[in-house]
Amino acid sequence: MTLTTTAAEMVAAARARIDEVETKDLIAQLDDPDLVVVDIRDIRERQRSGFIPGAVHAPRGMIEFWVDPESPYHKPVFAQSGKRYVFHCASGWRSALTVATLQDMGFDAAHLKEGFSTWADQGGPIEHSDKD
């Protein structure tokens, strides 16, 4: 089987048209009450490596439905006026595709360029929970 577009090409195309936030910049903005950090990693990833304190967990497979106010799965956290949404995954690939899709839907968001992979190394706070 030959693909017409690779996953890497899709990520590159998404990154070319979305806002990317550097890890150090997001760390500096964590106290901003208008910031909503959205973690789209699998629950096992969050349990294994922790998560950004206060981040909303929204599994990648449900994002479009949780954001859409007409969906029966809509989550009010995504309908907050005046908020700035920054999505992240582990390395920035899934979140780039997610944000590009959300922008196609008319939802304004950015993503954490390098994902959670550089968070701890750059001094970002991490929480762990057994309940997640």
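Does A8 count as buried or exposed, and at what relative accessibility? A8 counts as exposed because its relative accessibility is 57%, where exposed means over 50%, buried under 20% and partly exposed in between (1.4 Å probe, protein chains only). The legends below describe a predicted model, in which local features need pLDDT of at least 70, side-chain atom pairs count only at pLDDT 80 or more, and totals for chains, interfaces and linings use all residues. Residues are numbered from 1 along each chain as its sequence is written, and side-chain values use heavy atoms, with hydrogens and water left out.

**View 1. A8 and its place in helix 1.** A8 lies in helix 1; helices (H or I, at least four residues) and strands (E, at least two) are DSSP runs, numbered from the N terminus. From C-alpha to C-alpha, A8 and W93 are 8.3 Å apart in space, while 85 residues separate them in sequence.

**View 2. The crossing of helix 1 and helix 5.** Two packed helices are described by the angle between their axes and the distance between the axes. Here the axes of helix 1 (residues 7-15) and helix 5 (residues 93-105) come within 9 Å and cross at roughly 55°. Helix 1 is therefore oblique to helix 5. Axes are lines fitted to C-alpha atoms, for helices over the stretch in contact, and angles run from 0 to 180 degrees between N-to-C directions; under 35 degrees counts as roughly parallel, over 145 as roughly antiparallel, 65 to 115 as roughly perpendicular and the rest as oblique. M10, V11, A14 and R15 of helix 1 make the contact with W93, A96, L97 and A100 of helix 5, contact meaning heavy atoms within 4.5 Å.

View 3. Five strands, in the order 1-5-4-2-3, form an open sheet with parallel pairing; two strands pair if DSSP finds at least two bridges between them. Strand 1 (19-21) and strand 3 are the edge strands, each pairing on one side only. Three bridges join strand 1 to strand 5 (residues 110-112) in the parallel sense, and V21 stands opposite L112 of strand 5.

**View 4. Strand 2 and its two neighbours.** Five of the five residues of strand 2 (residues 35-39) are buried. L35, V37 and D39 point one way from the strand, and V36 and V38 point the other way. Strand 2 runs parallel to strand 4 (residues 84-88), joined by five bridges, and V37 has V86 as its bridge partner there. Two bridges join strand 2 to the parallel strand 3 (residues 56-57), where H57 is the bridge partner of D39.
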